[in-house]
Amino acid sequence: TSVLQANGHERVPMLTYLAGGIVQLALDYVLVGDARIGIIGSPIGTLACYASITVINLVIIGMRVPEPARVARTAAKPLCISAVMGVAAYSVYGLTRRALSGALGTGRSAEALFLAAAVIVAVAVYAALIIVTRTITREDLKYVPKGDSVARFLRLP
């Protein structure tokens with residue numbers, strides 16, 4: 001969406017979002033209405049919605065943007081970092097649940113605690129990896145309040 005907008009195609013994402021919304025509504029209607037699938041159909045519809053928006057946007061970028069961004073090259077590091085973060089969060093959730101469920105039980109409060117631990121670790125892992133791998137740059141922080149100070153503190157080139 002941002003690539004299209006940056007290249008003067010501001011209205012195209014509105015249409016692709018509309019198309020994605022139609023996909024989601026149709027799938028939600030069919031899947032949620034099916035007693036065998038039920039409410040599980042809603043996240044399937046949401047995933048299909050965003051996948052269709054992404055695919056349509058990428059096709060339009062290929063057709064209309066003179067020099068499209070190198071999506072694979074640009075997204076490789078963040079995708080890998082996100083995968084590591086996901087594994088860390090899943091592992092911490094499982095470990096804290098196994099280690100503490102005897103003492104805390106399995107009620108909503110205990111589950112919230114296990115989830116909170118997983119989220120805190122996920123944020124820490126993601127932040128550390130974007131700094132260590134130099135995924136975030138001084139230029140990225142240019143428009144963030146106090147971005148220069150943060151970049152100096154992190155010793156970003």
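I started at Ile37, which sits in the loop between α2 (12-33) and α3 (41-64); helices here are DSSP runs of H or I with at least four residues, numbered from the N terminus. This is a predicted model, where local features need pLDDT of at least 70 and side-chain atom pairs pLDDT 80 or more, while totals for chains, interfaces and linings use all residues. Residues are numbered from 1 along each chain as its sequence is written, and side-chain values use heavy atoms, leaving out hydrogens and water.

Next I looked along α3. I noted 24 residues and 34 Å from first C-alpha to last, close to the expected 34 Å (1.5 Å times one less than the number of residues). I listed its buried residues as Gly41, Gly45, Cys49, Ser52, Ile53, Asn57, Ile60 and Ile61. What do they pack against? I found α1 (2-6) and α2, with contact meaning heavy atoms within 4.5 Å.

Last stop was Thr96, in helix α4 (residues 71-104). I put Thr96 down as buried because its relative accessibility is 18%. Its side chain reaches the backbone oxygen of Val92 at 2.8 Å. Leaving aside residues up to four places away in sequence, I saw Thr96 touching Ser101, Phe114 and Ala117.

Methods. Helix = DSSP H or I, 4+ residues; strand = E, 2+ residues; numbered from the N terminus. Buried < 20%, exposed > 50% of the residue type's maximum accessible area, 1.4 Å probe, protein only. Polar contact = N/O pair within 3.5 Å; in protein donor to acceptor, adjacent residues only side chain to side chain.
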